[in-house]
Amino acid sequence: MKKIIYLFFFVVSGCLMGCTDFLTPEPLATEKLSDFFNNDSAAIQAVNAAYVPLQWQLGGTYANEWFIGDVVSDDALKGGASLYDMQVVGLMENFQTTANNEYLDTFYDINYQGIFRCNFAMENINGMTADKWSDQHLKTRLIGEAKFLRALYHFRLMRVFGGIIKGDRTFNQHDTQIARSSKAEIVRFIRQDLEDAIKALPLKSEYPASELGRATKGAAQALLMRVILFDILNSENPFGDYDRVMSLGDSIIASKEYRLEDNYADIFKVFESPTEARFEKENGPESVFEIQYMEEATSDYGGLGRTRGNFDPIMTRTRANNSGWGFNRPTQDLYDEFEPDDIRRDEAILPFDAGDVYAPGSYDNGYHARKAALGFWRTVGGKQVFYMPPLKHPTRAPNNTIVIRYADVILMYAEAACEINNIKEGKDKLNLIRLRARNSASDPTNPDILPDFPYGSYVENQVDLRKAIRHERRVEFAMEGHRWFDLIRWGIAGDVMNAYREKYIAKEGKDMSPFIKGKHELFPIPETQLNANPLLQQNPGY
Amino acid sequence: MKKKITLLFLWVTLVMNVFSQTFNVSGTVLSAEDNQPIIGANIWIKGVNKGTVSDINGRFSIEVEKNQTLVISYLGFENVEQRITGPVSNLKIILQPSTVVLEEVVAVGYGTMKKRDLTGAIASVTGEDLRKLPAATVDKALQGLSPGVTAIANSGQPGADMVIRIRGIGTINDSSPIFVVDGVQVGNINFLSPADIKSVEILKDASACAIYGARGANGVILITTRQGDKSGKMKLNVEAYYGIQNKAKKLDLMNSEQLSRFLGYTGDTSEEFNQWIYDNFAGSKTYIPKGIDFSSYDTDWQEVVFDDNAPIQNYYVAAEGGSEKTNYFLSAGYFDQKGIIMASFYNRFTFRINSSTKINDWLTLGENLSLMNSHNRNAPNNNDNYSMLNSALRFAPWDPVRFPNGNVSASTIANYPNPLSMVEFIHPKNNWDRLVGDAYLQIKPIKELVYKADFGFDLSYGQHREFKDKYEVAPFDKMDNNFVTSSFERYQTWSIEQTLTYSKILEKHNFSLMIGQSLSEYSYYSLGGSRTDIANPRKENWYISMGTGEYTVSDGVGRSRLASFLGRLNYSYADRYLLTVNFRADGSSKFPKDKLWGYFPSFSLGWRVSEENFFIPLRSVFDSFKLRVGWGQIGNENIPSNNYFAKVQTGSQFVTYVLGDDQHMAYGATMTSLPSEYLKWETTEQTNVGIDVSFLNTRLNGSIDYYIRDTKDMFLNVVLPKHIGMLFSSPANVGKVRNKGFEFLVNWKDKVSKDFNYSISANLSTVNNKFVDMSMSSPLYYEGFKGENLVVCKEGYPLYSFYGYTYDGIFQNQQEVDEYVKRDENGDPLLDANGDLQYIISGVQPGDVRYVDKNNDGQITDLDKSIIGSSFPTFTYGFNIFVGYKGFDCSLFFQGVSGNKIYNCNKFFMQGGEGIKLTNLGTEMLHSFTTDQPSTTIPRAKGRASNYWASDRFLEDGSYLRLKNAQIGYSLPPKVLSNAKIESCRLYISGANLLTFTNYTGYDPEASFRGVDRGNYPQAVTFLFGVQLGL
């Protein structure tokens, strides 16, 4: 009897001492932050992860940026299976956005995750002592990449929401209540990051081929041009800012890192036939910065929709026959914008209608976006057919999303030159773009196709040059997600969209509400965020 | 107040008796078992409200009139009557143990107790009760048997686990009770054959569960399996049943004629019909062979998907035997069920060995061991918009099942895969093996002391392999490559437990003290891969190694540990005042070092009022009357491990980018969730008050319980503001949920004659659930459907409440539409710049749906959404009727719920929510609103999209009363059997889900998930024939 009691208490007391060890085992298959940042490789991985949110196209809803850039503008309609298919974007396109918009919620989410990752990388990299590095230059470059990305994420948010919470450090549980910074403050912050990145980043050619896709000096310079131009209407020193845009452009041009692709069509070409994959144009000579995607046949549908394949092809392909989802459908208005025989129209827009499935109440004009569709024309039974080969993955494709290409640098340069009344420089740069488009046509020698500026009714003055550049941007970058943001930065979104609504009031404009100036330039801060953070102020009018 | 009146009444009655002429009788009450005095035996005078109880020495003394009869009774003993003719001073009354009513003993966790000594809320179900309801698994048999316990079949999928909730839903985290089988904690009980079970005890309140402190917060279900008979006789049981299952109902969909006419077809000939199809429904044109005569088909897709007369069968054999020294119980069973939805099935082999050996007076060894092997195939995407059932409801009646060339068809209208392609092109293989058991050692060095050590384990292995064919039926119904996935997973739980129990009776004091200690570890490992392009995809080649395409491989690992110290004191004084104190300390590896331990005490008191002197006059009516009061705290650690320290996410998901001319994966690392630095135990605090009564010679029994159950420090995933930039939210202890309710149980059992007996039992329970406090976290939304969330957990409302707009009828005419406009403060319509009315929903016409503009802002926005109903029933109930006459027995078991709501998603589609030409429609649309034929219930076809917003228009009353089981059996008379050397033989027919009374229009009011029914797998109507044989 006594023995048993002793035995029992022996075991109990033994356990008491051993219990804490038993209950605090080292976690399995889990990296603790406290022992992770030990070498170059960890630092590189932290920066790699900061690029990833750029790839994300699906959270609460699909989050492709062209849902704003193209669809909200006069260039495209939402499309899809029915009104319910991405209905939230339908509301945005019709200026009926409310603060509970799930697309905006997802978009907000994705970009702030990007910002956290940049800050996380920078803070941990800066915390690594010198002995943990095998290559000191690497540290400078990695910080430069993180700053470029942090600027890009802030910029993506700023042009949709205006002033936002400034992500200048990693936040934690104690940072739930933070107010928005002014738009001017955010612009200042982005510009500073990009100026730092320009100093830290190598040229595109200085990266080995295996590192293609990382942020470069040229990318930082081009993004800075875009940022400055985006906020130029609020600039305290517009002439100085236009000068800065041109000096950045000069530096990019002088670096000889980039050139316009000879043939416009090649920029978007990935397949030439079903068997032959062509990737050489990705990250090619015209590419300044691209979101990278790859072929990944075995990736899941999403795992939160976040894999390494591009969703754009399946989303924008026609619903008829080729199992696309039919989003982002070009408008008649965009189609009509092109000059006769402009090769770029047929590269952007497929006049394609094979009995599409489209619910009543939407508008089926038969056009589809082509640039991301990964297709090509081929002859079947003596007939030209646009063939979109099946993807290896049900929804994901390998093509990159172009963020900035050299043509944009040229046209931004032209725009800055025009605005400071340097008509000659502006005209020359504009004509470079027209020349390439002309040369891409079937008969480049035909003088009626895309003649040099001044053409048609234009005369050589600032007003006409500005019009010509704006037209050129619309057609050169058609369906590449720029249009809405161009309208906003030029301050003409209200006039253009209301005129569009009136013009198409019987059809596409029927469900649209009027654009209210002072409200619809920005979208509402997501309601979920206002609820979670009382210091946040909603944008005016929402 | 009432109590005082009762006491006064008792006193008056006692006093009145004093005036009669009497003499004194005294004596002793002894037990025939051990010749020991019986304390607390009742002695009363027959026909007179007067009596006493025996004292500590079994002695009593009472005043009696001449020729009166004394009745001496004690629970568990036969009554003795003694006629008194004169004064006696040493009357010796010897009570024989009752052979009819044995003292009921129930398991209470780490021990057993006499039922009458219980102070906690414990429901008990015997193995015999379970065997009356042929069911695949034990959890199915628990439905409706006990108040406060809900077992809901939210899927009729063969082999699907039931959702069991004890006293409501305590937490938004896992709120399943734990199962303890022969002392081993297991996650589910699908390895048990119901016939192996001796008893099931459901511990409901904190005082009963607290001994399982760490994991008992949502209730504990204790299962004891059968042990071998110790009488020395060997027994063999054989049981078998075979039955058929059928769908209970079909939804009313349009046929080809109805749908085509409804959609505007006016022609007569088949050519016209086919042309009309071609002109209007061109969706998958290129996939539909030329020249199909659609007019020749009128497919009932529900008949395609549902199988008729799906067989269900069960075979079971058990052998048992042994002596006082050693005994054994062996069983083997096979269960096989085909589903009522095409291709789904579940089958299971079970084996069991239980044995124990008494080595000598003080040492006993034993083990319980069971092995299971099961296979199953589920109907894919159940309760998802892309389930087989949903496809069947969407396809047009003029769509053929297969094209004339034999190929699976593409639908002309629906953007859904053909239900057949989910069966023909997907080939899953699922195999589970499970080994559960324990080995124990019991030492009894002296009479009062027992030491028990128990080593328990639960090993389970799952193997899943699935091959998908390359096929192309329609744009959304195809696979571009063939594809094989294969995975293997292993779960292991082991535990070591030691308990030491000391029991002692000291005169009127009866106490028992148990202390114990336990260690357990759960671990998990899985390995899986996939590969495309098997060159020759014949059945024998469906392996990853046969693939030629890209492949993936990944593994998963998990581990958690628990250490506990426990103690329990049971004390009773004079068999009347009962006290139970539990204490448990648990340490869990899921918490940071300084928060490892949680301490969970509980107390409960019982008062057997019927043993008090003042109660004696009521003895002729009441057999027993007990009050119970309990309070306690229990813990919950059911959250993922490794949450409390900062982690770096690596690997190929979420963090890996693409770089280089070769487009390679560039591995990344970042933080995707914040550490939960302050994590501690979730605690459930419960208070319980109960009464147990027994009347009329224990023929009528009843109990009432009231409880309040608060879950505090509930783990909630605090959704941080998004500017913090986390992919995943992290849990923190912030929420509080309150459940409270009543439970009633009544049963009446009577044996009218040797040949005829019957019983009726009924139970009813209520649960009032409320999310009292969710602190800083935002409302949690669930059940996304068509871009809207239908269910919310929001402070101040029941968990999982329905969320949406408030439906306000259908506009009957233009006048009603014109009244539905934006108004100023005076209620006058506000006009826009052009002088037009501003409609609250733009573009509405007569026949469209009107919603309540809750905030009166002249528009319908999310702000007009509110809580529109709850999926919690006001009450749930069940009742059993049993009649036995000679060899016949008949039982009926009804079960029901009342007052809950169900969101019927199928109604959305059947009334055209997806688009009027994009799915088949319900026949109710034939009565939809038109100007010629107004309707107040069905909006116009081709109406505004707003008609289909999430609202209470799709919310239906989910109340039902169901005849869960009806059974008629016949036991062959012993005379017939003895010739055949058979001990017993019973034949029965049984039916399940035979009748359902409900207003719900979907398939099955039970089959919804969080109250949302997306066309969930309904339960079958089952008929069985069975035989139970004893040798």
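Buried area is the accessible area that two parts lose on being put together, summed over both. The structure discussed here is a predicted model.

Q: How much area do chain A and chain B bury between them?
A: The contact between the two chains takes 92 residues from chain A and 88 residues from chain B. Of the area that chain A and chain B bury between them, 64% is on carbon and sulfur atoms, and the area itself comes to about 7,700 Å².

Q: Which residue of chain B meets A:Asp105 in a salt bridge?
A: Across the interface of chain A and chain B the rule finds 1 salt bridge. A:Asp105 is buried, because its relative accessible area of 13% is under 20%. The side chain of A:Asp105 meets its partner at 2.4 Å, N to O, and that partner is B:Lys722.

Q: Where in chain B does B:Lys722 lie?
A: The count comes to 92 salt bridges over all chains. The pair that crosses between chains runs from A:Asp105 in helix H5 of chain A to B:Lys722, which lies in the loop between strand E36 (700–718) and strand E37 (730–751) of chain B.

Q: Is B:Lys722 buried or exposed?
A: The relative accessible area of B:Lys722 is 18%. Buried means under 20%, so B:Lys722 counts as buried.

Q: How many residues apart in sequence are the parts that A:Glu286 and A:Arg436 tie together?
A: The side chains of A:Glu286 and A:Arg436 meet in a salt bridge at 2.6 Å, N to O. A:Glu286 lies in the loop between helix H9 (238–255) and E3 of chain A, whereas A:Arg436 lies in helix H14 (residues 423–440) of chain A, so the pair ties together parts whose separation in sequence is 150 residues.

Q: What is the relative accessible area of A:Arg436?
A: A:Glu286 is buried, with a relative accessible area of 3%. A:Arg436 is also buried, and its relative accessible area is 4%.

Q: Which residue meets A:Glu480 in a salt bridge?
A: A:Glu480 counts as buried at 17% relative accessibility. A network of salt bridges links A:Glu480 with other residues, including A:Glu286, A:Arg436 and A:Glu472. At 2.8 Å, N to O, the side chain of A:Glu480 meets that of A:Lys371.

Q: What distance separates the end C-alpha atoms of helix H13 (residues 406–419) of chain A?
A: In H13(A), 14 of its 14 residues are buried, and the helix is followed by A:Asn421, whose phi is positive, near 65 degrees. At 1.5 Å a residue, its 14 residues should span 20 Å, which agrees with the distance between the end C-alpha atoms, 20 Å.

Notes. Residues numbered from 1 in each chain as written. Chains lettered and ligands numbered in written order. Predicted model: local features only at pLDDT ≥ 70, side-chain atom pairs only at ≥ 80, totals over all residues. Heavy atoms only, no water. Helix = DSSP H or I, 4+ residues; strand = E, 2+ residues; numbered from the N terminus. Expected span 1.5 Å × (residues − 1). Buried < 20%, exposed > 50% of the residue type's maximum accessible area, 1.4 Å probe, protein only. Contact = heavy atoms within 4.5 Å. Buried area = accessible area lost by both parts, 1.4 Å probe. Salt bridge = Lys/Arg side-chain N within 4 Å of Asp/Glu carboxyl O.
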